Amino acid sequence: MSTKEEIPRLFGTNGIRGVPNEDLTVEFSSDIGKAAAAFFDSPVIAIGRDTRITGDMITYAVVSGVLSTGTNVIDLGVLPTPALQYYCKVNELYGIVITASHNPPQFNGIKCVDKDGTELERTREEEIEKIYHYRKFKKASWENIGIYSRASGAIENYIKGVLSHVDVEKIKERKLRVAFDAGNGAAFFSTPSMLSALGCSITTLNANPDGKFTSRNSEPKPENLTDLINLMKMGKFDLGIAHDGDADRAVFIDETGKFIDGDKSLTLITKRAAKRGEKVVTPISSSDAIDEVCRELGSVLIRTKVGAPIVSRTMIKEKALIGGEENGGIIYGKHQYCRDGAMAAALVLDLMAKERKKVSNLLKEIPDYSIVKSQVHLKKKWEEIKPSVIDYVSGRKTDEMDGIKVIEKDGWALIRPSGTEPIVRVYGQSKDYEKAKKLNREFVELIEKIQS
Ligand code: MG
C-alpha cells in the first residue's frame, strides 16, 4: 500500500508552523502532542517555548495531549530553542518546543527534538504524521494520566555548557563592550547572563519578553536591526549581537556599525576552529568562501540540501566539528549538534580575545564573497515552473541537489522553493558584487516572466 501521497505533510523545514486559532488550533496542537508522545513512547517529554503571546495556549494544548497518553511532562518555560535542545541532550529526553523562530508575531509552531538534542529526522516526523493521520493515539486510564512538573536551572546549565568551550578568563581580561539586541525573543535573559559571565560590559536593546515583537521584526536582517546598527555606529562598542526569535541564530555588527553577513561569521569561525583532515558541513546556499577556507586548511567540506536539521544530521554521521548556514545558524559539534546563537556569540568573543583583534580586522582575513538574496512570490506551483527554468539553463553547468544551482566560473545562482512559504528564493553569489547582483537579477526576472 502506498501511503506516502495520502498523508498530508505537517512538518516543514523547521517544524509545524501556523497561526493560532486558525490552522494551529488547540485541538490540532493537542493531537500533535498525542501523536508525538505515541511515537516517542517514552516515560517523559521536556517542553519549552519562546516568548510569543500565544505560547501559553499552544504549550498547554500540547501538554494536555501528551499527558492524556500517560507520558509525563517537564516544562522548562520560556527559553532559547538550543537551551531546550541542550537539556534534552544532557538528560537523554525527547523534547517539544513551541516556537515559530523568526516568523512574524501572529505565527507559532511546534518542533520535535530527538533524545540527542537534534531536531527529528524527516523520516521520523513522517511517523508522527502517520500516527496523527490515522489517529493511532494512546489513551491512558485516569490513574495512569501523565504528571506535569516544572523544572528550573535549564538556562543556567545551558550557559555553563556554552562557556565550557571558550576561554572564559581570556575573554574576561579583555572587558569587551557588547551591544545586544534580544528583539523581545527567547534569549532576553540567557544571552545577557552569558555575556556578564564573560566579563563583558553590556548594553541591551529590546531585552524584554514582549511576545508581540513590537520593537523589531524577529528576523535578524540588517533592515530590522537599524537601532542596533546606529548604536554601534557611536563607536563605543566592540561587538553587536542579535538573535532571531528563538535564538538558535546569531548575527553580528562590527565595531564601526557594519552588519556582518551570516555567511562571513560562519566562514570566520570555520577558519579558526576547523583543522586539517576535519570535516565541515554546510548547505549549497553558503558562499564559496567556505570552500576556499577549507581548501587552505586541508579540511573536507561537505555540501548538503538546505535545512539546519539536515546539516546537523550530516555532521553527526560524518563526525564533523563545524557546520552551519549562511543565515547566522552556527553548529558547533563539541557543544551540540544544533544551531546555537549563544554558542556562536561566545565563539566570536573567544576569537576576539585570543587574537586581540577587532572583529573588522578578523573579517579582513577571510575571502570576500557577496551573496545577493531575493524572494519571488509563487503564483504557480514550483513543479510547474521548474521545467521552464531547466529549459532556460540548458547547456549551462547545473546542480539539482536542492532547487537549481547554475554554476559559472566566477559565481553561481541558486533558485530554490522555500520549505515553509509560497516563495522562491533566488541567490546570486560571486566575489564580484556586481556579478552576484547580475546573476540574482537574471533569475528573479526569469521566474517573474515564467509566471506572467
Ligand atoms: Mg530560529
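Q: Two strands pair if DSSP finds at least two bridges between them; in what order do the six strands of the open sheet lie?
A: This is a predicted model, in which local features need pLDDT of at least 70, side-chain atom pairs count only at pLDDT 80 or more, and totals for chains, interfaces and linings use all residues. Residues are numbered from 1 along each chain as its sequence is written, and side-chain values use heavy atoms, with hydrogens and water left out. Strands (E, at least two residues) and helices (H or I, at least four) are DSSP runs numbered from the N terminus. The pairing is mixed, and the order is β1-β5-β4-β2-β3-β6.

Q: Which are the edge strands?
A: An edge strand of this sheet pairs on one side only. That applies to the strand at 16-18 and the strand at 148-150, namely β1 and β6.

Q: Which residue of β6 is the bridge partner of I74?
A: Strand β3 (residues 72-78) runs parallel to β6, and three bridges join them. In β6, the partner of I74 is S149.

Q: Is α1 roughly parallel or oblique to α2?
A: The axes of α1 (residues 26-40) and α2 (residues 55-68) come within 7 Å and cross at roughly 45°. Angles under 35 degrees count as roughly parallel, over 145 as roughly antiparallel, 65 to 115 as roughly perpendicular and the rest as oblique. Therefore α1 is, relative to α2, oblique.

Key: Axes are lines fitted to C-alpha atoms, for helices over the stretch in contact, and angles run from 0 to 180 degrees between N-to-C directions. Two strands pair if DSSP finds at least two bridges between them.
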